[in-house]
Amino acid sequence: MHLTAEQRLDGGVVERSFTLDGVPGILWTPSCASPSAPAPLILMGPPPIGLGTAYPRLVGRARQSAAEGFATATLELPGSGDRPRLPGAEQARADLRRAVEAGEPVAGGIVDALVLPLVENAVPEWRAALDALLALPGIGGPVGYSGGVISLGTRLAAVEPRISAAVLFAGSHVPRVIFEEARHVTVPLHVLLQWDDEGNDRQAALDLFDAFGSAEKTLHANMGGHTGVPRFAGEEANRFFARHLR
C-alpha cells in the first residue's frame with residue numbers, strides 16, 4: 001500500500017489517499033483510533049461512477065461512521081474513474097438502456113455482462129486491500145461491509161470470513177449466480193431498499209433478500225428514488241454496526 005496524500009478533516013478525522021497495486025483508494029480513521037485501541041473497519045462500497053464523482057457522498061458516510069468510532073475505506077471499482085474500462089461494459093450499458101427505455105424486461109445476459117466482470121475483478125482487490133488495511137496501526141477487526149454494488153457486497157460476504165456484518169444497498173441489477181451465492185451468506189445483514197428506485201428491479205431485490213442465508217437479516221424499505229435515501233437510514237445502519245462490530 002502506497003500512501004499518496006493525507007489531510008485532517010473536521011472532528012479529527014484523518015483522510016488518507018492510497019494506491020494498492022495501482023488501484024486508488026481512500027481510508028478515513030477517527031480521532032480515537034490508536035495502536036493500543038484500534039478502530040473497527042468498515043469497507044465502503046462506492047457507486048460505479050468514480051471516487052471523484054462519488055466523493056461528497058462517501059466522505060459524508062465516512063464522517064458519520066467516524067463519529068461512531070469506525071474507520072472506513074473504499075476502493076475505485078474496476079472500470080470506474082481513470083481505471084481501464086471493462087471489456088463489453090459499454091455495450092452492456094447501452095443494451096440495458098434500450099431495454100429500460102422500451103419498457104422491456106432486462107435479459108439475464110445483459111445483467112451478467114454488466115455486473116459479473118466488475119464483481120470478479122473487484123473481489124480479489126478488496127480482499128487484498130483488507131490484508132493491507134488490517135496491517136496498519138490503529139486499524140483492527142471486526143470488519144463490516146457497507147454499500148453497493150449489492151452483488152459485490154454479496155460475494156464478499158459469502159467468501160471473506162473476516163467480514164462480520166454487512167449493510168447492503170439494493171439499487172442495482174443482480175446476476176442469477178449471485179442469488180445462489182446469497183444462500184451462503186450467514187453474517188448479520190441490514191438491507192436498504194428505495195421503494196421507487198427507477199433503476200432497480202424491486203421484485204429482484206426482494207427475492208435476493210429472501211435468498212440470503214443469514215439468520216439475522218433486516219430489510220429497511222423507504223419511499224423515494226435511487227438517490228433519495230433518508231439520513232435516518234444511514235444512522236440506523238451505523239447503529240447496526242455498533243451492535244455487531246464492537
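The exercises below concern a predicted model and treat its sheet and its helices in turn.

**Exercise 1.** Determine the strand order of the open sheet and which strands stand at its edges.

*Solution.* 
Step 1. The open sheet consists of nine strands, arranged as 1-2-3-5-4-6-7-8-9, with mixed pairing.
Step 2. Strand 1 (2–8) and strand 9 each have a single partner strand, so they form the edges, and one side of each lacks a neighbour in the sheet.
Step 3. On average, and ignoring direction, neighbouring strands are turned by 20 degrees against each other.

**Exercise 2.** Describe how strand 7 is joined to strand 8.

*Solution.* 
Step 1. The two strands run parallel and are linked by five bridges.
Step 2. For Phe169, the bridge partner in strand 8 is Leu192.

**Exercise 3.** Identify the buried residues of helix 6 and explain why they lie on the same side.

*Solution.* 
Step 1. Helix 6 spans residues 202–211, and its buried residues are Ala204, Ala205, Leu208, Phe209 and Ala211.
Step 2. Around the axis these residues cover an arc of only 160 degrees, which is why they fall on the same side of helix 6.
Step 3. Their packing partners are helix 4 (150–159), strand 7 (163–170), helix 5 (176–182), strand 8 (189–194) and strand 9 (217–222).

Key:
Residues are numbered from 1 along each chain as its sequence is written. This is a predicted model: local features need pLDDT of at least 70, side-chain atom pairs count only at pLDDT 80 or more; totals for chains, interfaces and linings use all residues. Side-chain values use heavy atoms; hydrogens and water are left out. Buried means under 20% relative accessible area, exposed over 50%, partly exposed in between (1.4 Å probe, protein chains only). Helices (H or I, at least four residues) and strands (E, at least two) are DSSP runs, numbered from the N terminus. The arc is that of the directions from the helix axis to the C-beta atoms. Contact means heavy atoms within 4.5 Å. Two strands pair if DSSP finds at least two bridges between them. Axes are lines fitted to C-alpha atoms, for helices over the stretch in contact, and angles run from 0 to 180 degrees between N-to-C directions.
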